Structure formats: C-alpha cells, structure tokens
Amino acid sequence: MRLNYIPTIISHMSTVGSIKKVKLNLLFKYFGPESTVSEIADLMDLEDIGAVPILDDSYLLLGIVSERDIVRKLVKNGRDSDLVTAKDIMTKHIITVKKDTTLVEAVKLMKDNNIRHLPIIDEDKKLVNFISHRDIMSNSYANKKINYFLLAFALILLPAIIFIK
C-alpha cells in the first residue's frame with residue numbers, strides 16, 4: 001500500500017498564533033523610544049536576540065531596533081551608544097502580521113523584505129508578540145515531529161487495532 005503523504009516543513013494551515021511563545025502568551029523583550037542603544041545592545045547580547053520592538057506606553061509599536069540598525073546607524077558612523085536612543089536608529093517602516101497570518105505567508109513576507117523578525121499586532125495595532133525566523137523554524141520542526149508520529153500511528157498501530165477486533 002502506498003500513501004500519497006509528503007511531509008512539509010511548514011504547514012499551510014498553521015498560523016503565527018500557533019507558535020508556542022505566541023500561543024502561551026510568553027513575555028517578550030521590548031524597549032521605549034528613549035532607551036539608549038547601549039542598554040538595548042546589552043540585553044540583545046545577554047538574551048541572544050537579534051532585534052527588539054520599540055513601544056510607547058500603551059504598547060503601540062513605534063519601531064524595531066535590530067543588530068543591523070546598530071551596525072549601520074551607530075557603529076559605522078562612530079556614534080556613542082550611551083548617547084544615542086532607540087528612536088534615533090530604529091527602523092520605523094515595520095511589516096507586521098496578525099495571529100491568523102499563516103506561517104507560509106509570514107515566511108514569504110520575511111523573505112521578500114529581507115527581515116528576520118515580525119511583530120504580531122492586534123486589531124488596535126498593539127503588539128501582541130514578537131517572533132523571529134528561528135521561532136517559525138522551531139515551530140515547524142515540532143510540527144514535523146508530530147506529523148511523523150501521527151504517520152507512524154496510522155501505519156503501525158491503527159491497523160493493529162483494527163485487526164484485533
């Protein structure tokens with residue numbers, strides 16, 4: 001018996017809302033516009049993250065500071081990271097998604113715009129969570145393991161259960 005089953009790394013039905021840190025509403029790191037780049041860079045180094053969202057007091061997304069922003073807008077120009085703030089170097093043109101955006105759409109947005117981080121916003125444009133390419137790939141790997149388990153169950157255990165009866 002042949003099965004027409006081809007596992008995919010990213011399911012067309014999965015959404016960014018299915019990513020573990022989004023589903024569990026885990027906390028994410030963020031800064032305000034007046035935070036210094038040295039504060040931001042320290043946290044990024046300690047937490048091994050490549051970008052952080054910049055929010056106002058009501059969690060509205062103002063921008064993103066990435067490693068690329070720090071290098072291109074601060075280091076390259078010899079500016080002092082203790083004197084430069086997030087609002088001075090943050091990327092203001094931000095591509096966002098909603099929780100119901102499929103993972104396929106999210107990956108395409110990231111590829112087409114050469115970005116590795118996506119803010120997830122709600123209908124009021126407030127930040128819900130902040131995901132990276134790594135989060136999507138980790139989620140997809142976990143889904144792939146589940147798919148293999150379900151396939152093994154269907155091929156091995158299900159026929160045994162049926163034939164026992």
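Figure 1. Aspartate 112 is partly exposed, with a relative accessible area of 48% (buried means under 20%, exposed over 50% and partly exposed in between, with a 1.4 Å probe and protein chains only). Aspartate 112 forms a salt bridge with lysine 108, their closest N and O atoms being 2.7 Å apart; a salt bridge is a side-chain nitrogen of Lys or Arg within 4 Å of a carboxyl oxygen of Asp or Glu. Because they stand four residues apart in helix 5 (residues 103-113), the two residues are separated by about one helical turn. Helices (H or I, at least four residues) and strands (E, at least two) are DSSP runs, numbered from the N terminus.

This is a predicted model, in which local features need pLDDT of at least 70 and side-chain atom pairs count only at pLDDT 80 or more, while totals for chains, interfaces and linings use all residues. Residues are numbered from 1 along each chain as its sequence is written, and side-chain values use heavy atoms, with hydrogens and water left out.

**Figure 2. The salt bridge between lysine 29 and glutamate 47**. The side chains of these residues meet at 4.0 Å, N to O. Lysine 29 lies in the loop between helix 1 (20-23) and helix 2, whereas glutamate 47 lies in helix 2, so the pair ties together parts that are 18 residues apart in sequence. Lysine 29 is partly exposed, at 39% relative accessible area, and glutamate 47 is partly exposed as well, at 41%.

**Figure 3. The salt bridge between aspartate 48 and arginine 134**. The closest N and O atoms of this pair are 3.9 Å apart. Since aspartate 48 belongs to the loop between helix 2 and strand 1 (51-55) and arginine 134 to helix 6 (residues 133-164), the pair ties together parts that are 86 residues apart in sequence. Aspartate 48 is exposed, with a relative accessible area of 52%; arginine 134 is exposed, with a value of 52%.

**Figure 4. Serine 66 in strand 2**. Strand 2 covers residues 61-66. Serine 66 counts as buried, at 16% relative accessibility. Leaving aside neighbours within four places in sequence, serine 66 is in contact (heavy atoms within 4.5 Å) with Met44, Gly50 and Ala51.

**Figure 5. Aspartate 45 in helix 2**. Helix 2 spans residues 37-47. At 64% relative accessibility, aspartate 45 counts as exposed.
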